[in-house]
Amino acid sequence: MEPFDHLKGKLREESPLPEGFGWDDMQKGIFEKMAQTPIPINKPKRFRSWKLIFFLLGMGVTLGLVTLFQIGANQQEVLSNPSKKEVVSIPSPSSLDKITTEQASNRTIENSTEQAVQISVTSLNKVIKANIEDKESIGGNASFIITKKDLLNTKNLSANIQAGLANLNPTKTIIENTPRIDKLQGSEKTPENQEESTLKQTIKTPIKKHIISPTIKEMEQLNSVAPPTAFNNTLSPLKAVINSISTEKEKIIWALTALEKKPFKLLNYLRLSAIKPLPLSQPLAVEKNAQSARFSMALGAGVNYWTPNWENTIISQERAKYEKAFLGNTYAVQLGYQLKPNWAISTGLMWSKNYSKFDYNQVETQQRTKEAALVEIQVNSFTGDSTKIYGDKIINVEQTRRVVHYNSFQKWAIPLTVKYSLRNRKMEYAFGLGTMLTLSTHTSGKTVNPEIIDYNATSPIYKSSFAIGAMGSFDLNYHFSKKYYIGAQLAIVKDLTNWSQTNETVLKPTLFHGQIMIGRKF
Amino acid sequence: MVSLALINRCIARDKLAQRQLYEACAPYVYTIIKNYIPDESYRKDAMQEAFSHIFASLENYDINKGQFKNWISRITANRCATLLKRTINFNLRLEETITPDTAENTFAYLDQLSKVEIEQLLVNMPKGYRTIFLLSVIEDYSHKEIGELLTITPETSRSQLFRAIKWIKKNIFPHSKAIIYGTL
């Protein structure tokens with residue numbers, strides 16, 4: 001303190017030792033006290049191990065959760081998510097024939113590969129268009145190309161195929177058409193009573209494992225374990241149809257066309273439902289699009305506001321009286337990871353500056369001496385003369401003291417939230433819950449304690465250590481392209497740690513953040 | 001003032017070296033104690049306490065961290081504060097009103113005071129104010145350090161210092177009104 005430098009110098013001037021303070025008089029007492037005094041050891045700076053443990057624990061939990069969800073998501077993807085029906089495997093001619101006829105399979109094995117044809121059912125038209133443009137085959141390394149023209153010309157297929165397709169209603173018409181099928185097929189007959197009951201059982205089979213690409217070998221194993229029963233009999237009309245198709249190319253065209261037709265859709269569904277899950281030799285390729293983008297990164301900027309929530313102590317009440325929250329600013333980088341279609345975790349880094357307005361206004365009354373003031377006038381009633389008497393007079397002076405100052409609290413924070421999102425076309429709504437780890441880096445301002453004091457980095461009254469808070473958020477995003485989106489985020493954070501260094505003033509504020517964000521999915 | 005060789009000999013419990021060190025430092029230590037403890041009967045005890053800690057802690061003295069004088073000054077202040085802390089009422093809050101005139105002239109007037117006058121001012125100061133004023137202003141302790149030393153909060157230390165300065169502003173002038181106000 002500069003004003004006291006002179007004082008410091010004077011108080012450090014050595015005084016002569018008074019009598020009785022010589023070594024001979026003192027040594028006995030000193031050594032006696034020394035014997036009682038434990039030798040102080042320079043302790044190394046206390047290592048805040050709990051902070052490191054907390055940090056490592058947090059990191060571990062985060063990494064663990066991400067890994068766990070990643071594994072879960074992979075498994076879910078492989079074992080077919082019912083909501084992800086866009087990619088299913090259509091059996092190659094070989095596998096299709098395995099189900100239908102032995103003869104057909106023997107023929108088609110030669111032209112097929114072990115890799116099953118994968119095609120998007122819901123985006124069938126897109127696939128066809130792609131094939132027109134790319135002129136690529138869709139049968140692995142099959143030797144033919146299917147174009148849109150081919151598919152449009154399916155009407156020109158034989159009348160038998162059309163008739164067979166028209167009659168492929170497994171729930172109603174199979175029994176009625178049995179004679180005709182028998183005629184076509186010759187030896188195979190469908191047991192009438194068994195047909196309906198088996199079909200019902202098959203429908204009840206849980207819908208699982210859609211995305212299965214069994215190899216030919218695996219299909220053989222499957223057939224050996226579960227030989228074709230009445231289920232295969234339901235497909236008996238197909239045999240006639242398939243046998244009537246002369247070339248492999250026509251078979252594929254027919255299959256693609258038939259998939260769009262109602263009865264075949266049901267058959268395809270039944271067939272897939274009846275197949276047991278098999279281990280996949282390789283994971284299926286999932287179409288990479290905006291839906292499958294798991295990572296997201298967003299930049300945001302906005303405002304914040306806070307309610308101090310002073311607890312009920314005398315100093316806290318004084319501070320609450322003079323200190324009011326004020327709008328601040330927030331900037332953030334947000335990283336997201338999609339765990340499931342509706343679930344995501346989000347973290348990032350947030351920088352915020354909170355403000356409060358300190359407005360101190362107090363009236364004090366002081367007594368001051370006024371010199372040479374007119375204190376009395378003496379009037380002579382006889383002569384009418386007046387005499388003025390001047391002197392010192394103590395007067396009360398009212399003094400108003402007003403101090404206005406904007407206090408600031410600079411903070412870095414790491415939010416960690418789990419979000420549940422709902423998507424409606426281009427709009428996305430997400431609700432998040434989690435924690436926020438806050439590090440206060442710089443506070444400065446004025447407050448009452450109970451007199452007005454200044455605080456800053458050198459003489460702080462607030463903690464500069466990590467604080468933890470509970471966080472809730474609501475995000476509203478508009479996806480203007482497959483990858484990019486803009487949005488708004490509202491977040492509320494309730495700090496669970498006292499900002500003050502002491503318990504005399506307990507400050508656990510609630511913070512509100514509102515941000516505009518722009519983001520990209522990866 | 002004190003050589004490193006002398007310190008090393010004291011660490012080795014050389015009686016002669018301890019005597020030399022005591023004789024070299026005692027006036028300085030006594031000066032500090034005098035400021036903290038106005039009552040002479042307690043000063044001897046405080047002096048013994050301070051030197052017992054100085055001798056016991058010599059091994060921890062690091063020449064790179066500062067002068068020996070400053071080091072013993074901190075130990076002495078530390079011991080004085082520890083001795084005093086049980087007897088201090090840190091909740092003491094005197095009613096003080098100061099006029100703007102006195103506030104403006106306080107620091108100017110402090111420069112004009114002699115050592116005896118300053119010591120007299122400190123003697124009259126309430127114990128809590130004085131201890132924190134000396135620790136903070138003279139020994140440059142932070143409020144956090146004072147808080148740890150006296151088992152009080154840094155905020156209490158800060159408010160006590162504020163009141164101590166206010167007290168000085170109020171009580172400094174009665175000693176020599178003539179200097180400031182002449183024939184007032």
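Biologist: What pattern does chain B follow when you read along the sequence?
Modeller: Keep in mind that this is a predicted model: local features need pLDDT of at least 70, side-chain atom pairs count only at pLDDT 80 or more, and totals for chains, interfaces and linings use all residues. Residues are numbered from 1 along each chain as its sequence is written, chains are lettered from A and ligands numbered from 1 in the order in which they are written, and side-chain values use heavy atoms, with hydrogens and water left out. Helices (DSSP runs of H or I, at least four residues) and strands (runs of E, at least two) are numbered from the N terminus, and chain B has 10 helices and 0 strands. Read along the sequence, chain B goes α-α-α-α-α-α-α-α-α-α.

Biologist: And where does helix 2 of chain B bend?
Modeller: Helix 2 spans residues 15-36 of chain B, and at its start a side-chain oxygen of B:Asp14 reaches to within 3.0 Å of the backbone nitrogen of B:Leu16. The bend is the angle between axes fitted to the seven residues ending at a residue and the seven starting there. For this helix the angle is about 50°, with B:Pro27 following within four residues, and the spot is B:Cys25.

Biologist: Why is helix 2 of chain B largely enclosed by the rest of the structure?
Modeller: "Buried" here means under 20% relative accessible area, exposed over 50%, and partly exposed in between (1.4 Å probe, protein chains only). Over the 184 residues of chain B, 54% count as buried. Helix 2 of chain B is largely enclosed because its buried residues number 16 of the 22.

Biologist: Which residue of chain A does B:Arg19 meet in a salt bridge?
Modeller: A salt bridge is a side-chain nitrogen of Lys or Arg within 4 Å of a carboxyl oxygen of Asp or Glu. That rule finds 4 across the interface of chain A and chain B. In one with an N to O distance of 3.1 Å, the partner of B:Arg19 is A:Asp24.

Biologist: Is A:Asp475 buried or exposed?
Modeller: A:Asp475 sits in strand 9 (residues 466-479) of chain A. Its side chain makes a polar contact (N or O atoms within 3.5 Å, one able to donate a hydrogen and the other to accept it; residues adjacent in sequence count only if both atoms are side-chain atoms) with the side chain of A:Gln489, at 3.3 Å. Relative accessibility is 3%, so A:Asp475 counts as buried.

Biologist: Which side chain does the side chain of A:Asn354 make a polar contact with?
Modeller: A:Asn354 belongs to strand 5 of chain A and, at 0% relative accessibility, counts as buried. Beyond four places in sequence, its contacts include A:Trp306, A:Phe409 and A:Trp499. The polar contact, at 3.1 Å, is with the side chain of A:Asn304.

Technical notes
Contact means heavy atoms within 4.5 Å.
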